[in-house]
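Visitor: I would like to learn how to read a few features off a model. Can we go through them one at a time?
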Amino acid sequence: MSIDDEAQEPLEPRVGPVPEDDPEFRPYRHPAAGWGAARSVTRFLLGERALVDGPRAIMRMNHENGGFDCPGCAWPDDTKGLHLDICENGIKHVTWEMTRKRVDRDFFAAHAVTELAGWSDYDLENQGRLTEPMVYDAASDHYVPISWKDAFELVGATLRGLDSPNRAAYYTSGRLGNEATFLYQLMARELGTNNLPDCSNMCHEASGRALQASLGTGKGTVDLKDWESADALFILGVNAASNAPRMLTALAEADRRGARIVHVNPLVEAAATRTIVPHEFTDMALFRTTRTSTLNLQPRIGGDMALLRGMAKAVLEKSASDPKALDVAFIDRHTAGFEEYRALCEATPWEELERQSGLSRDDILEAARVYGEADRSIVSWCLGLTQHEHGVDTVREIVNLLLLRGNLGREGAGPSPVRGHSNVQGNRTCGIDHRPTDAFLDRLADACGIDPPREHGLDTVRTIRAMREGTVKVFVGMGGNFALAAPDTAATYAALRSCDLTVQVSTKLNRSHVVHGRAALILPCLGRTEKDHQRRGVQSTSVEDSMSMVHLSVGMKRPASPHLLSEPAIVAGMARAALPDSETPWDWYVEDYDRIRDTMAEALEGFEDFNRRVRLPLGFRIKQPARELVFLTPSGRAEFSSAALPDIVPEPGTLALGTMRSHDQWNTTIYSDNDRYRGVKNLRTLVFMNRADMRERGIADMGPVDITSTAKDGSSRFLTGYTAIPYDIPRGCAAGYMPEMNVLCALGDYSTQSDQPIMKHLKVTVVPAAG
């Protein structure tokens, strides 16, 4: 299915606070974390007036007994029982949630939605926590209070009135706990649709599809203990200091034990140099840094696949003189397609590998040498590899490289995707999937007594298209900020405004509340840090980290408002109203989440004996067949991929642009206009460029520029008045911040392999600003 898109009018979303000072850029020369992180956290706690609540929360976050799981990244909890398994961004995320500021009925009475639409996104979220359900009143252009009963009835009546259940879509962000996730997908499927788009559709869909094709599992096979015993770690397309800061501890420990660490990224990020881990108090006191890399490689944007194939080619060439270069016994016993892959590598000339990767042959051979000398290697990656047209092929190339030396199914080795949000992997495990398997649906039917639909539903991109065309009339968002997170901002805004009803389940005010349907609800929920009181006492929820560990999270704080409901309670309320004849015991489930988990134990493979196992220290790990060298592929073996090497070199005059987060940002939540690790202050409307590319275009350092993207269909999108910053990035490449730059990614610019928007590989031109 192809998705075409017409050109959109220029749109510049208002994101971030108004800078108080002139923009500054000074290259960052310091270690990641350390005192810089400590100072930043202290300033943030002071700004949020959380010098008491903040430290209390820090002492309860990511603890195995009675603590709550960080609502930030999905990095696993420390296996050694570390008492301060925290990071700068996690503390900010928690403190942002625990703010004392409130968005109540008086606030909405004082501010029309049209007025709020002109506010920056920073200012919207900075107003504080939502306190009660609100409904949009078109006559006054204000949100006004509504009871929970009436809110649920509005949802239920609208859903019951649709001529097809496929007229609604149910979006999920990665913050939703497993129990709410399970009820949410159960509601959608009992209603009769698999329209379950989620944030994975925009982030790691390529990883899941690649690993499924190669290994028969959609997840990585390693755990944190493997990271602690690997001889070599390859980190591709990851800015660990901002995206998964607790990874810095693993990298520092790896360096101390003599492991080799190779970072592959067009930008050399702070995490790829050195660090002072804040909870290592002696190092903090002595300002003693630890290396976090032994080799940094800067391929061109999209050049990772050529690098990986070059490494495989080098390993294969070495095997001609050194039989130990390959694990022949492993390849013969456990893989399929090796000879075809060998022939492909041999036929790919070094000159083409250099041109496509943007690296020299010596660089590629050095990476291959590190890999070849290591007995046990882990390859880890994030969105720098997945948000491309060829993201699936690139991840499969990682698996190819690992299979050559048997780096699978043994300690200290394997593939390790870095998931961004705290429970995005758990969402997919617990049923948020627009393409469910028959096996999953069969178990769900048996456990829950429903007849789930078998037709595949809509993913994120297709949901936007369907809303804009009027074929999807209701959009329900469980968390997140869909209006800003999605691609093609103008198209996404138009899609949401075309809906009959939009429902946003949220903790704080955001753009998705002011870009709404003809009818709109804001349903405020408990945060991860807050106590969840139900009829049978305080409840816990479970989450799954990026390495398949499932554990419990228990809030510690009094809810921000007595009118907040938990996410399971909100899902149950909508389901009761939409399915008045349902035999599913929605209220009974909400009384005690153990009851939900008992049903999940029947419905979900790997969740057997759920309630007992999740209460074990650190919870339990979902079994990964490929880790045991059981491959659920058509051949019953690990499959080598023999995909052609794509041509990703930019055309003359154009640049390949990748969007990314700043350091003082978590997804679409922006804490300030600063990006400490890249040396930027008071500026977000910027583009990082190679200085030679700037000079070639007549662009001065910190000069104003206009950016134009060209979509696959030839249409254009624009950003004007941006600032060009010279940066250490390969020629032909550029980078800037999401969500501001999401406007440049056309709705039709999605990968034909994964259906993900290609936000890391946009075709742009950058010129001095007009006028």
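Visitor: Is Arg-309 buried or exposed?

Guide: Arg-309 is buried, because its relative accessibility is 1%. Buried means under 20% relative accessible area, exposed over 50%, and partly exposed in between, with a 1.4 Å probe and protein chains only. The model is predicted, so local features need pLDDT of at least 70 and side-chain atom pairs count only at pLDDT 80 or more, while totals for chains, interfaces and linings use all residues. Residues are numbered from 1 along each chain as its sequence is written, and side-chain values use heavy atoms, leaving out hydrogens and water.

Visitor: Which residue meets the side chain of Arg-309 in a salt bridge?

Guide: Start with the rule. A salt bridge is a side-chain nitrogen of Lys or Arg within 4 Å of a carboxyl oxygen of Asp or Glu. Here the partner of Arg-309 is Glu-397, at 2.8 Å from N to O. Glu-397 sits in helix H20 (residues 391-404) and Arg-309 in helix H14 (residues 304-319), so the bridge ties together parts 88 residues apart in sequence. Glu-397 is buried too, because its relative accessibility is 0%. Helices (H or I, at least four residues) and strands (E, at least two) are DSSP runs, numbered from the N terminus.

Visitor: How many salt bridges does the rule give?

Guide: The count is 51. One of them joins the side chains of Glu-269 and Arg-678, at 2.9 Å from N to O. That pair links distant parts of the chain, 409 residues apart. Glu-269 is in the loop between strand E9 (260-264) and strand E10 (274-276). Arg-678 is in the loop between strand E27 (669-670) and strand E28 (680-681). Both Glu-269 and Arg-678 are buried.

Visitor: Which residues are linked in a network of salt bridges?

Guide: The network links Asp-198, Glu-205, Arg-209, Arg-428, Asp-459, Arg-462 and Asp-755. Take one pair from it. The side chains of Arg-462 and Asp-459 meet at 3.2 Å, N to O. Both residues are buried.

Visitor: What is the phi of Asp-755?

Guide: First the background. Most residues other than glycine have a negative phi, and most peptide bonds are trans. Asp-755 has a positive phi, near 70 degrees. Its place is the loop between strands E32 and E33. Asp-755 counts as buried, because its relative accessibility is 13%. Asn-682 also has a positive phi, near 60 degrees. Asn-682 is in the loop between E28 and E29, and is buried at 12% relative accessible area.

Visitor: Which peptide bond is cis?

Guide: The bond from Met-738 to Pro-739 is cis, with omega near 0 degrees. Pro-739 lies in the loop between strand E32 (733-737) and strand E33 (762-768).

Visitor: Now strands. Why is E8 described as largely enclosed?

Guide: In a regular strand the side chains alternate between the two faces of the sheet. Strand E8 (residues 232-236) has five of its five residues buried, so the rest of the structure largely encloses it. Both faces are covered. Ala-232, Phe-234 and Leu-236 are buried on one side, and Leu-233 and Ile-235 on the other.

Visitor: With which strands does E8 pair?

Guide: Two strands pair if DSSP finds at least two bridges between them. E8 runs parallel to E9 over five bridges. Five bridges also join E8 to strand E14 (residues 377-381), again parallel. Leu-233 has Ile-261 as its bridge partner in E9, and stands opposite Ile-378 in E14.

Visitor: How do E30 and E31 pair, parallel or antiparallel?

Guide: Strand E30 (residues 704-710) and E31 are antiparallel, over six bridges. Thr-710 has Ser-716 as its bridge partner in E31. Five residues lie between the strands of this hairpin, where Gly-714 takes a positive phi near 90 degrees. Strand E29 (residues 686-689) is parallel to strand E31 (residues 716-726), with four bridges. There, Phe-688 is partnered with Ile-725.

Visitor: Last one. How many disulfides does the structure hold?

Guide: A disulfide is a covalent bond between the sulfur atoms of two cysteines. The test is a pair of cysteine sulfur atoms within 2.5 Å. The structure holds zero. Cys-525 is buried, at 2% relative accessible area, and Cys-745 is buried at 0%.
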